[in-house]
Amino acid sequence: MFPKPIEKSGVATQFAYKVFLPIALIIWLLPLLAIVATSVRPPSDINTGNVFGWPSSFQIIENYTAVFTQSEATTYFLNSFKITIPTVILSVSLACLSGYALAIYKFRAALPLFFIFVAGNFVPFQILMVPVRDLSVKTGLYDTVTGLVLFHAAFQTGFCTLFMRNFIKALPFDLIESARIEGVGEFKIFWYLVLPLVRPAIAALAVLIFTFIWNDFFWATVLTQGEASKPITAGVRALNGQFVNNWHLVSAASLLAAVPPVAMFFLMQRHFIAGLTLGAVK
Amino acid sequence: MTATALPDTDPPVTRSWYARNKLAITPWLFLIPAMIFFLIYVIAPIFQSIWISFYEWDGLGAAEWVGARNYVELMDDDRFYTSLWNNVLWLLLYMLAVPAGLFVALFLNQTVTGMRIYKSMFFFPFVISQVVVGLIFTWFYNPDFGVVGQVWQFFGATPPSILGDERYVTYGIIAAGLWPQIAYCMILYLTGLNNVAADQIEAGRLDGAKGWKMLWYVVLPQLKPATFIAVVVTVIGALRSFDMIAIMTQGGPYGSSNVLAYYMYETALSEYGYRMGYGSAIATVLFLIMLIYISYFLYRMYQDEKGAR
């Protein structure tokens, strides 16, 4: 293990480390802690300049309910879920199929196709913006939740395919070979043999894609216009304009927007980190 | 009865075309749904955008072919150069996330009680949306009531208006962007450190290596895959920077914090006009820059794939 385990150092070093650890964490999260404090302040604190110190009173319930009663936040939240969940299901399903095909079958187009999926996953969004928006307008999908879902699912298929293909490639190929010799059909092999084995990969992808899509802002601004289909990220920006100088409400809304991905991360931490690193480090 | 147990020795003529070509057809059946989606929404739009960049088009009326005029105009566009330069700054300074992430990972790679909680708390900034990070830092930097303002006033100095000053604004946004990016690199390195071979460390210790020498000669070579991915995601993050700029400054003051991604959006889709062709030309430039990195990444992958066979 590197660096040297702290237990092997002197008592003083160990003590210093344990004291410094929470201090370092507080410094690291200072911007976030400041906004947490702001979100529970009464508005008078901000007007009198008490923004750094202890809140003069705690208005947790008032501020957080005000976000919902004074704005469209409920709609934004629902939209975020309506966009994120179908996208996760669709892109992960597509990638299970394509990843399986690219990992198991040996055909000449396999590697070039795989590389196209990988490359597509890295392109800047702006090169897609004008045609995708135009396509959405023409098909009536502009400013709809469905339009966002279809685009996100398509785009995330690149990353998911990369991930799935590498995961399936690492499975023992003998299993599939022997199933084929037994005469099991190709789709049955996929459904009954491979799918159960890739469950960890599905979990990892699901949490990652959930976070990516929930946090998307660019496509939310490009493909939506009204309140009806706006997700929370675009919503928070709208709130920022609406709640000018009401920093306590903007803070509360921002923190609320961060809750689902954070909860997802803490609940599925193992899968989340496995996903981030496995998709990356082979 | 025994004949069916020995397949392919005497294939019956009645086998269907599908049965005979099963292994050649099935992969395409599995691939088609993903390919259709990807083709419509990712591959085709890239070429369409490049095509549109040769037109003058407002997105509604008829498009007018202008040849390379949009690109000629780009060459004289000061706002384009400012954005390009800012992208270079983003690329260079964003790279600090890699060593900083390594540093934090080394600091946290211990087994004190509660360490897992600490690690996840340090990772926190990466999980929250960049929109929220942007808002947090807008407020953090505010000279009147933000944390920066309060700290400066505490020392009796006049606080700088970081986001309102052309000299500081880009650096301010990059610093905000580094916060989640360092967390990302940190997690990559923490996983990497987990997989560092213990016997090599011990061997290094026996040879008298410690501290920086151990890090440089023994640990870092083993962290190469983590470093590679950290660099790749950081480059892509730097070139994709859009959310923070849209939230914190909208490219201002006077376009001084613009980057290509935001400038493209502003040109094609905002109150400044709907110049789809010119916007697409900017996007094409950004795409070509990214293509260098994509090619490098694919080349590396190709080498790995060849080695794996």
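**Figure legends: predicted model of chains A and B**

Figure 1. Among contacts in chain A with a separation of 6 or more, 75% join residues 24 or more positions apart. Chain A contains 15 helices and zero strands. The radius of gyration of chain A is 24 Å, whereas the globule rule gives 19 Å for 282 residues; chain A is therefore more spread out than a compact globule. Along the principal axes, the C-alpha atoms of chain A fill a box of roughly 75 × 65 × 30 Å. Of the 282 residues in chain A, 48% are buried.

**Figure 2. The annotated span of chain B, residues 83–299.** An unreviewed UniProt entry assigns the annotation "domain: ABC transmembrane type-1" to this part of chain B. In the predicted coordinates, the span is 74% helix and 0% strand. A distance of 29 Å separates the end C-alpha atoms of residues 83–299 of chain B.

**Figure 3. The contact between chain A and chain B.** Chain A supplies 77 residues to this contact, and chain B supplies 80 residues. On the side of chain B that touches chain A, the element giving the most is helix 3 (residues 22–52), with 20 residues. Sorted by class, this side of chain B comprises 61 nonpolar, 15 polar and four charged residues.

**Figure 4. Q250(B) in the loop between helix 14 and helix 15 of chain B.** The backbone of Q250(B) has a phi near 55°, a positive value in a residue other than glycine. Around Q250(B) there are 15 other C-beta atoms within 10 Å, so this residue is classed as partly exposed. The class follows because partly exposed residues fall between the cut-offs of 12 or fewer such atoms for exposed and 20 or more for buried.

**Figure 5. Y254(B) in the loop between helix 14 and helix 15 of chain B.** Although Y254(B) is not a glycine, its phi is positive, at about 50°. Is Y254(B) buried or exposed? Y254(B) is exposed, because its count of other C-beta atoms within 10 Å is 11, and a residue with 12 or fewer is assigned to that class.

Technical notes. Residues are numbered from 1 along each chain as its sequence is written. Chains are lettered from A and ligands numbered from 1 in the order in which they are written. This is a predicted model: local features need pLDDT of at least 70, side-chain atom pairs count only at pLDDT 80 or more; totals for chains, interfaces and linings use all residues. Helices (H or I, at least four residues) and strands (E, at least two) are DSSP runs, numbered from the N terminus. The radius of gyration is taken over C-alpha atoms; the globule rule is 2.2 Å times the number of residues to the power 0.38. Two residues are in contact if their C-beta atoms, placed from the backbone, lie within 7 Å. UniProt positions are given in the numbering used here, feature names are shortened, and annotations may be inferred rather than shown by experiment. Ala, Val, Leu, Ile, Met, Phe, Trp, Tyr, Cys and Pro count as nonpolar, Asp, Glu, Lys and Arg as charged, and the others, Gly among them, as polar.
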